[in-house]
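Colleague: I'm new to reading protein models, and I'd like to learn on a real one. Could you walk me through it?

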Amino acid sequence: MRSDVATLPGSPERPNEDWAAAALPASGGGGTVVLLDGVTPPAGDDGCVHTVPWFTARLGGALTELSASRPDMPLPEILSAAIRRTAEAHHGTCDLSHVRTPQATVVLARWDEASVEHLVLSDSALLLEAPDGSVRVVLDDRLDRIPDEVLRSLEATDRLRNREGGFFTAAADPSVAGLAVTGTTPRAEVRALAALTDGASRWVELFGAGDWTECFGVLRAEGPSGLLRRVRALETADAEAGGRRRWKRHDDATAVYAELRALA
């Protein structure tokens, strides 16, 4: 496996709330990619004494360990166990029932010689490239179905957060793992993959600079750092033109690119 990771904070005044890892088991027979996008809470009480980066580091670390060391566990079980482990680390000091308790989007991919498994929860993206160069995107589009005018209301968003008819993130409830978008692809049908937080996928989803196949081409040619440079240039140009595209001028942006080892 050859992997490359790049991340940029949305603002120098705030810590980067994204988290990413790529791991290759000692056997060399497979690999795993983990990507989290921490959800920035609005100002005010969220019931927790910890920061979002604290949460994403612990959840991401648990996901990386379990996905690399427990091939017997399906990805939803791994996500459920990682959420439970993270919740146990702070349930004694924090109100984990609070609707804004620290939470994150999740992309998880794992492969061996036979198959590539995937799990996506909320609005980060997973791209799977076939040997012929075609690209398939795996998305959880529940957040995209909610009108922007609803999401501009904090109260309305809270009513939809981790609720049926709304959208779901990894927070403190392990059962949310059963609501993730999951699937398995034969290993021979995937030569490379990429995971993008929504700050990186803006290149396609917000600015329309290209489609997913073209986005993957940028990742292959320029690496994740090249894609992020392109996103920042588009954001800057948009801001100079009036900046009406998005509430945030810049967002935390992270991309992971992995080329899978060729099959014998």
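Modeller: Let's go from the whole chain down to single residues.

Modeller: Keep in mind that this is a predicted model, in which local features need pLDDT of at least 70, side-chain atom pairs count only at pLDDT 80 or more, and totals for chains, interfaces and linings use all residues. Residues are numbered from 1 along each chain as its sequence is written, and side-chain values use heavy atoms, with hydrogens and water left out.

Colleague: How many helices and strands does the chain have?

Modeller: Helices (H or I, at least four residues) and strands (E, at least two) are DSSP runs, numbered from the N terminus. Here there are six helices and 10 strands.

Colleague: What does the radius of gyration tell me here?

Modeller: We take it over C-alpha atoms, and the globule rule is 2.2 Å times the number of residues to the power 0.38. For 264 residues a compact globule would have a value near 18 Å, and the chain has 18 Å, so the two agree. The C-alpha trace spans about 55 × 50 × 35 Å along its principal axes.

Colleague: And how much of the chain is buried?

Modeller: Buried means under 20% relative accessible area, exposed over 50%, and partly exposed in between (1.4 Å probe, protein chains only). By that count, 51% of the 264 residues are buried.

Colleague: What should I look for inside?

Modeller: In soluble globular proteins, nonpolar side chains tend to be buried together. A nonpolar core is a set of buried Ala, Val, Leu, Ile, Met, Phe, Trp, Tyr and Cys residues joined through side-chain atoms within 4.5 Å. The largest one here has 24 residues, and Leu59, Leu63, Leu79, Val106, Leu108 and Leu121 touch the most other members. Strand E3 (31–38), helices H1 (52–69) and H2 (75–88), and strands E4 (104–111) and E5 (115–121) each supply at least two residues of this core. H1 gives the largest share, six residues. Apart from this core lies another, of 21 residues, including Ala192, Ala200, Leu219 and Val231.

Colleague: Which residues does valine 106 touch?

Modeller: Contact means heavy atoms within 4.5 Å. Leaving out residues up to four places away in sequence, valine 106 touches Leu35, Leu36, Leu63, Leu79, Leu119, Val120, Leu121 and Ala170. As for the chain, take contacts between residues at least 6 apart in sequence: 70% of them join residues at least 24 apart.

Colleague: Is leucine 8 buried or partly exposed?

Modeller: Leucine 8 counts as partly exposed because its relative accessibility is 31%. You'll find leucine 8 in strand E1 (residues 2–8). Not counting residues up to four places away in sequence, leucine 8 touches Asn16, Leu228, Arg232, Asp251, Asp252 and Ala253.

Colleague: What about threonine 157, buried or exposed?

Modeller: Threonine 157 has 8% relative accessibility, so that one counts as buried. Threonine 157 sits in helix H4 (residues 154–160), and touches Val150, Leu151 and Phe167, again not counting residues up to four places away in sequence.

Colleague: Where does phi come in?

Modeller: Most residues other than glycine have a negative phi, and most peptide bonds are trans. Serine 122 has a positive phi, near 75 degrees, and lies in the loop between E5 and strand E6 (125–129). With a relative accessible area of 4%, serine 122 is buried. Asparagine 162 also has a positive phi, near 55 degrees, in the loop between H4 and strand E8 (181–186). Asparagine 162 is partly exposed, at 22%.
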